[in-house]
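Subject: Structure handover and notes

Hello,

Here is the structure for you to look through. Please open it first and keep it beside the notes below.

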Amino acid sequence: MKPIQVGLLGIGTVGGGSFEVLRRNQEEIRRRAGRGIEITMVADLDTKRARAIVGDGVEVVADARAVIANPQIDIVIELIGGYGIARTLVMEAIAAGKHVVTANKALLAVHGTEIFAAAQAKGVMVAFEAAVAGGIPIIKALREGLSANRIDWIAGIINGTTNFILSEMRSKGLDFDGVLKQAQALGYAEADPTFDIEGIDAAHKASIMSAIAFGTPVQFERAYVEGVTQLQAADIRYAEQLGYRIKLLGITKRREDAQGIELRVHPTLVPATRLIANVEGAMNAVVVQGDAVGTTLYYGKGAGAEPTASAVVADLVDVTRLITADPDHRVPHLAFQPGSLAATPILPIEQVITAFYLRLQVADEAGVLANITRILAEHAISIDAVLQRPNREAGAAGEHQTDLIILTHDTLEGHMNDALAKMQALPSVLAPIVRIRKEELS
Ligand code: HSE
């Protein structure tokens, strides 16, 4: 049978990795897919670099539209990234009847609904395993392997850059800025690192997983997003003393009681004994809790040329296997049939239920703790643990001050906001209160 012909848009790190993996493993891939898969055309503005990567025998062009217009091309891989020209080209490829493979989480998080609807109408597939957690086949697991389950929640370390930063800060006591530069030099960070450190990249990925887990449209615009830029060394240290690690988690949770879904990205205290708390460096991990299977954990490299290529090429195999199948009998883009998507809303952050770590810099005098615990009690917030430590960072000024660290049990975020406003107004509270959410993940 004639090999499947693939056109590649954008041959950077992941594109080069995909070309190499497909070339190196072509025989295995042909045996799996039932026919050969070949990248026969590459579009990149830097045609010289593209030619250097692919060698002779592959058509190299500067104009991506030449790939889309080529009737020989069956599948277009989009590795340009971003929401701009990538969106136009993906929509044009779909309109031209091409199947699409993309690693573009930002594009699917923001325009997924439009893209999947267009693909559905045209009867083509849009495959995106590489968009979430790089080489970890989490989309496959959620869409197919776990399709018997009602998924209760997902919590994932889905941004390698921030996990690397947090790991280095904790293990080496380094500060945030220095570690970010290191992560950029190692090539983990997005072109614009604010997407990593402000939690946006993780929110893109969490939004995609949430839609697939709960059968809703992708709702990135409703996600609560908080990055790691405000984290202080003191809190990483105190968390450790209390038996916790701080991780930037993407969390999505079914909330039957509120008829909604939680979708949030923020630094989170996780018990140090949990496997996910021990995921270090740029590695990714996703925990999925299903009603039948229980808790499952998926771990691996979330970025990099060949780990991401592993997902891109697996998508090429999937598309090839199903290319002649009746479109109605393929795996739905968002796991649920398009006509069966639910309008379940994402809950505002005030309605989220979680536990908290609080750090209050207070005057070390009688009655201070009593005032604080009274306010928490008035808001029905139950205390789990209290720790009092001299404030190392405050120097001589800290002589009559102390750090008060409080862990709470689960509460409504709205209740905590009200309590925090009252505690902050106490004259004995000397600095902005630090609040970090805490999840037991059990
Ligand atoms: N910047 C991303 C990360 C790359 O750090 O995980 C993979 O999406």
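Predicted model: local features only at pLDDT ≥ 70, side-chain atom pairs only at ≥ 80, totals over all residues.

Residues are numbered from 1 along each chain as its sequence is written, and side-chain values use heavy atoms, with hydrogens and water left out.

Domains

The chain is divided into domain 1 (4-136 + 305-339), domain 2 (138-301) and domain 3 (350-438). These bounds come from an automatic or database domain assignment. Between the C-alpha centres of domain 1 and domain 3 there are 50 Å.

Ligand

Residues around the ligand include Lys105, Asn159, Gly160, Thr161, Asp201 and Lys205; a residue is listed if one of its heavy atoms lies within 4 Å of the ligand. Several polar contacts can be described (a polar contact is a pair of N or O atoms within 3.5 Å; within protein, one must be able to donate a hydrogen and the other to accept it, and residues adjacent in sequence count only if both atoms are side-chain atoms). Asparagine 159 has a polar side-chain atom 3.4 Å from an oxygen atom of the ligand. For glycine 160, a polar backbone atom is 2.7 Å from a ligand oxygen. Threonine 161 places a polar side-chain atom 2.7 Å from an oxygen atom of the ligand. Taken alone, the ligand exposes 260 Å², and the protein buries 91% of that. Accessible areas come from the Shrake-Rupley method with a 1.4 Å probe; for residues, only the protein chains shown count as cover.

Salt bridges

Side chains of opposite charge can pair when their charged atoms come close. A salt bridge is a side-chain nitrogen of Lys or Arg within 4 Å of a carboxyl oxygen of Asp or Glu, and a search of the whole structure finds 34 of them.

Aspartate 201 and lysine 205 form one, at 2.6 Å from N to O. Why are aspartate 201 and lysine 205 separated by about one helical turn? They are 4 residues apart in helix H11. Helices (H or I, at least four residues) and strands (E, at least two) are DSSP runs, numbered from the N terminus. Both aspartate 201 and lysine 205 are buried (buried means under 20% relative accessible area, exposed over 50%, partly exposed in between, with a 1.4 Å probe and protein chains only).

Glutamate 226 pairs with arginine 437, their closest N and O atoms being 3.1 Å apart. This pair links distant parts of the chain, 211 residues apart: glutamate 226 is in the loop between S8 and helix H12 (233-241), arginine 437 in strand S17 (residues 434-438). Glutamate 226 is partly exposed at 25%, whereas arginine 437 is buried at 1%.

A network of salt bridges links Lys253, Arg255, Asp257, Glu262, Arg264 and Glu439.

Glutamine 219

This residue sits in the loop between helix H11 (200-214) and strand S8 (224-225). Is glutamine 219 buried or exposed? Glutamine 219 counts as buried because its relative accessibility is 8%. Its side chain reaches the backbone oxygen of threonine 344 at 3.2 Å.

Surface patch

Leu275, Leu297 and Tyr299 make a nonpolar surface patch of about 330 Å². Patches are made of residues with over 30% relative accessible area and no salt bridge; like charges are joined within 9 Å, nonpolar side chains (Val, Leu, Ile, Met, Phe, Trp, Tyr) within 5 Å. Leucine 297 lies in strand S12 (residues 294-301) and is partly exposed at 37%.

Regards
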